[in-house]
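The following paragraphs guide a new reader through a structure. Please have the sequence and the model at hand while reading.

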Amino acid sequence: MNEHPATGQSASALPADTAASREKPAAAAEGAPESPPRKTHPFEFRGNGLEYFKIWIVNVALSILTLGIYSAWATVRSRRYFYANTWLAGEPFEYLASPLPILKGRAVAVALLALYALSNMYLMGEIVFLIVLPIAAPWLIVKGLAFRHRMSAWRNVQFRFHGTYLKAVAALWPVLLIAALSLGFVALLVKSPPQLALLLLLPYVLLLMFLAAWVGFRFSRFRVNYSAYGTTRFRFGAKLGGYVSIFMATLGVGFFVGMVCGIVVFPLILLGTFNAELLLPVVTSAQIFAMLAFQKQATTNIYFNSAALPGHDFRASLSFWGLAKTWLICLFLAVVTLGLYLPAARVRIARYMADHIAFRARDSLEEFSAAEAQRASALGEQVGQAFDVELSPF
Amino acid sequence: MIDGFFSDGRGSRRMPSTLQLAGGQATVLDAAGRALISAPLADTRISSRLASTPRSFRFAGGEQFVTSDNAAVDALLRQPDSRWGLLQRLESNYLAVIVCVAIVWGAAFLLARYCVPWAADQMARQMSPEMAARMGQGALRLTDGVLFRPSALPRERQLQLRKQLQGVLERYGGPAAKLHFRRFRRGPMPNAFALPDGSIVLTDTLVKLALHENEILAVVCHEIGHVQHRHLLRQSLRASAFGALIFLATGEASAAIVSLPTVLVALSYRREFEREADQFAIKALIDEGVSPLHLASMLRRLGGLAPREAEDAAREGNEVPGKPRTPAASEGRFFRDLDATDYFSTHPDIHERVLWIEAAAAAPAPELQ
Ligand SMILES: [Zn+2]
């Protein structure tokens, strides 16, 4: 259950290492003293599935017994487990939040959601949804990130997030375009005959993918550029083109998987062994799975490979097969164990991610200075974090 | 004495050091034995034990001492913080873990069996009929594109059926009730659906399968029952309420998935709904002066069951003449039975329902009130 995952895959972390070591003689030969060789520090996840399962099941049971109040303590313990087991250059990350602010934020969030549900029932739900959500979402994201960064530390230096509400709105506004287009398209689909709807589908999907790439790019840039480790700001160097090609390639992967499955499945349908209604969902799930895995590894790679601190950067080398294999193993074990494997699956995935991301340091890691001490958080941040479901620091 | 690292809180620099506790005073010494900081233990925040992750001692000025030596910290503190110490003991005790699994499954079962249906039905009651109808709008148009073709029944037959069923639709279905004839793209499958906006769809095969006009009437009454009891709305509310409640209680979406055994409970919702629709149909049929046995005989044919007489004969030990199955039902092989458009898969437990309806038809008054 807890062996090292995909031992064959961890070899693919090597290219980053060899690339770094190849850089050394080159830099020395050119005699460029301002760019000394970078030292590669791989991330390392030391958690263990069984260990986390025990923490997690106690968390869930106590949360149920306390009607949800313990969930704040549960979240802190889970996050602490994932942070403290993520190591870089011989030092663990640290999650600093205490449960009470999280409980407070969660209570306010539940009240807001209840209010939203009520308004959905008695007022015009669509209007609330269309107006309140676009206004609230960027605020929640900014506050949630500020809380998470403030509560994350490495070597006793906390992270900071300097993004503002307006910047978040600017980064996210293409989402509104996507939403409007989707609503329009569904309206069109319902009104038009099926043949025309099929014809419209391809340009619509292409447009949607482009917009999704745009959002992915803008949001990643926003998130990285306003993040800081102590007083040191991160920079994001990716271009929109990189994201667009990833999303188009994702579409291609979906198409390819669909074709391959079609070649295998179509004769079976013709022979009458299985019928189409039974097999089509299987093909579609395979397509969606492949697309998700491809997109996740590609966006993670571009995200880390484009993020940098002055003098330092990251190398991510996730692979489609590696991630897909990890996910499939998790999926299979989760089904076989009626879901009990899910917490251990989180550990396995965190380990895969850590094994394929490395930090490349040029200078000493001792020279970062801490930002002004701040441990208290405003209520806004506490509410914002209630919508943040990530556990691991990646 | 505990080995670890000290940092002053001003930057990422850390140095190897040791922590000593003497007289309630915690002192961090560097490699040369010089004191880096010294403060009362009561003023330092010591992180609680969590599996084997490193422990930190945080001082008031932001300084920190970190060590991986959990055993040494526990020994040093001797009396671990009772609350957190208890958690650590729970998390490392297998019996406690098994009890926790039982608690989670038990709670999920209770939630699915009692709380969710109640909460979802309350919500359904709050929803205006217009809103429920809006949720189902366009459903027929969308299914038309994928599932159905226009009916191939002769115009006169359709008109005749509409005329026969108009009264029942108006009396029991309300103003929104409409009748639609369709046939499946895939082939001849007898089925009937109720859509949330009050539309009732009959397939050509079902119409042809009926041996008596009242059997069609009985099926339509059953579907009106689904509409009147808002079964589609309630089913979808129940399906989403379960995940939402678990998420609210635990803050963990995955906790809902871990309660997979409760999917079985969710399946029993449908049985409850079919019983409600059958009850509605029996009452309507009796009010119309039609025998509810028409519903039972139609269901027997749809489910590929033997007619009632043959079954009674078999029960009395007489010879069963062959295995009388209708053509539509006998083509149902294993994979076909998994098919989502089959009447069997949208209406499970047909045999049980048939027996119940026949019993209810025999003694209608007490069963139905
Ligand atoms: Zn039914």
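In chain A, what share of the contacts with a separation of 6 or more comes from residues 24 or more positions apart? Such residues account for 78% of these contacts in chain A, where contact means heavy atoms within 4.5 Å. For chain B, the corresponding share is 60%.

The model is predicted, so that local features need pLDDT of at least 70 and side-chain atom pairs count only at pLDDT 80 or more, while totals for chains, interfaces and linings use all residues. Residues are numbered from 1 along each chain as its sequence is written, chains are lettered from A and ligands numbered from 1 in the order in which they are written, and side-chain values use heavy atoms, with hydrogens and water left out.

Chain A contains twelve helices and eleven strands, whereas chain B has 18 helices and eleven strands. Helices (H or I, at least four residues) and strands (E, at least two) are DSSP runs, numbered from the N terminus. Of the 394 residues in chain A, 48% are buried; in chain B, 45% of 369 residues count as buried. Buried means under 20% relative accessible area, exposed over 50%, and partly exposed in between, with a 1.4 Å probe and protein chains only. The accessible surface of chain A is about 18600 Å², with 73% belonging to carbon and sulfur atoms. Chain B exposes about 18500 Å², of which carbon and sulfur atoms supply 59%. These areas come from the Shrake-Rupley method with a 1.4 Å probe, and for residues only the protein chains shown count as cover.

The interior may be considered next. A nonpolar core is a set of buried Ala, Val, Leu, Ile, Met, Phe, Trp, Tyr and Cys residues joined through side-chain atoms within 4.5 Å. The largest such core has 85 residues, and those touching the most other members are Phe43(A), Tyr52(A), Ile57(A), Phe82(A), Tyr229(A), Tyr243(A) and Phe359(A). Another core, of 39 residues, lies apart from it and includes Leu153(B), Leu179(B), Ala281(B) and Ile357(B). Beyond its neighbours within four places in sequence, Phe43(A) is in contact with residues including Trp87(A), Phe93(A), Phe314(A), Phe359(A) and Phe394(A).

Chain B also holds an open sheet of seven strands, in the order E4-E3-E2-E1-E7-E6-E5, with antiparallel pairing. Two strands pair if DSSP finds at least two bridges between them. The edge strands, each pairing on one side only, are E4 (35-40) and E5 (45-46) of chain B. Strand E1 (residues 2-7) of chain B is joined to the antiparallel strand E7 (residues 64-67) of chain B by three bridges, and Phe5(B) has Val66(B) in E7(B) as its bridge partner. Five bridges link E1(B) with E2(B), where Phe6(B) is partnered by Met15(B) in E2(B). Strand E3 (residues 25-30) of chain B and E4(B) likewise pair over five bridges, with Gln25(B) opposite Pro40(B). In the hairpin of E3(B) and E4(B), four residues lie between the strands, and Gly33(B) takes a positive phi near 90°.

Which residues of H1(B) are buried? They are Asn70(B), Ala72(B) and Val73(B). Seen down the axis of H1(B), these residues fall within an arc of 160°, so they line one face of the helix; the arc is that of the directions from the helix axis to the C-beta atoms. Their cover includes E1, E6 and E7 of chain B.
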